[in-house]
Amino acid sequence: VIFPLARRAAMRLRTLINRLIWLSIAAYLAYAALLAASSYVQVKETVEQAVADSIQRHKAAVATGRQTAAAPEQAVDVKAAILLAARRSSLPIEAGKLVVKPEGERLRISLHWPCIVLTVADEVAFAVPLWMDRTFDVRP
């Protein structure tokens, strides 16, 4: 009589442990998704700010009659501004994975970066790869 009751309690405990494990996995995946979304928004804002600052400098130069930077020079300035802002914000953007190309009156910005979710012994164990490919109109 006691044996079936103990067996039923063991089944309940096993079910509880299984559900806790799956809940933990789901919570960790949600955490990783939020971390990736946060990283993407932070990089997006950094890129937009660098482009906006470049456009402001270009408009100021046109308004005062000074010579404006050519499109390739503007692309180099925007790339440097993105890398500097990323370094200040501790964003893992590498110079080799950031491409800023002038396309006429536009700047095309492409970059790839990892969103590090888990590190073990100072080594990346799990990272979410993120990317951005945007074109900005830079006409004054």
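Which side chains meet in a salt bridge at 3.6 Å, N to O? The side chains are those of Glu48 and Lys44. A salt bridge here is a side-chain nitrogen of Lys or Arg within 4 Å of a carboxyl oxygen of Asp or Glu.

This is a predicted model, in which local features need pLDDT of at least 70 and side-chain atom pairs count only at pLDDT 80 or more, while totals for chains, interfaces and linings use all residues. Residues are numbered from 1 along each chain as its sequence is written, and side-chain values use heavy atoms, with hydrogens and water left out.

**Salt bridges**

A search of the whole structure finds 3 salt bridges, listed below.

| Pair | Distance (N to O) |
|---|---|
| Glu48 and Lys44 | 3.6 Å |
| Arg134 and Glu48 | 2.7 Å |
| Asp133 and Arg108 | 2.6 Å |

Glu48 and Lys44 are both located in helix H1, 4 residues apart, which is about one turn of the helix. Helices (H or I, at least four residues) and strands (E, at least two) are DSSP runs, numbered from the N terminus.

Glu48 also meets Arg134 in a salt bridge. That pair links distant parts of the chain, with Arg134 in strand E3 (residues 123–137) and Glu48 in helix H1, 86 residues apart.

Asp133 forms a salt bridge with Arg108. Through salt bridges that share partners, Lys44, Glu48 and Arg134 are joined into one network.

**Accessibility of the charged residues**

Relative accessible area is classed as buried when under 20%, exposed when over 50%, and partly exposed in between (1.4 Å probe, protein chains only). Glu48 counts as partly exposed because its relative accessibility is 28%. Lys44, at 31%, is partly exposed, and Arg134, at 26%, is likewise partly exposed. In the remaining pair, Asp133 is partly exposed with a relative accessible area of 43%, and Arg108 is partly exposed with 28%.

**Ser54 in helix H1**

Is Ser54 buried or exposed? Ser54 has a relative accessibility of 5% and therefore counts as buried. The residue lies in helix H1, which spans residues 2–64. Leaving aside neighbours within four places in sequence, Ser54 is in contact (heavy atoms within 4.5 Å) with Gln74 and Val78.
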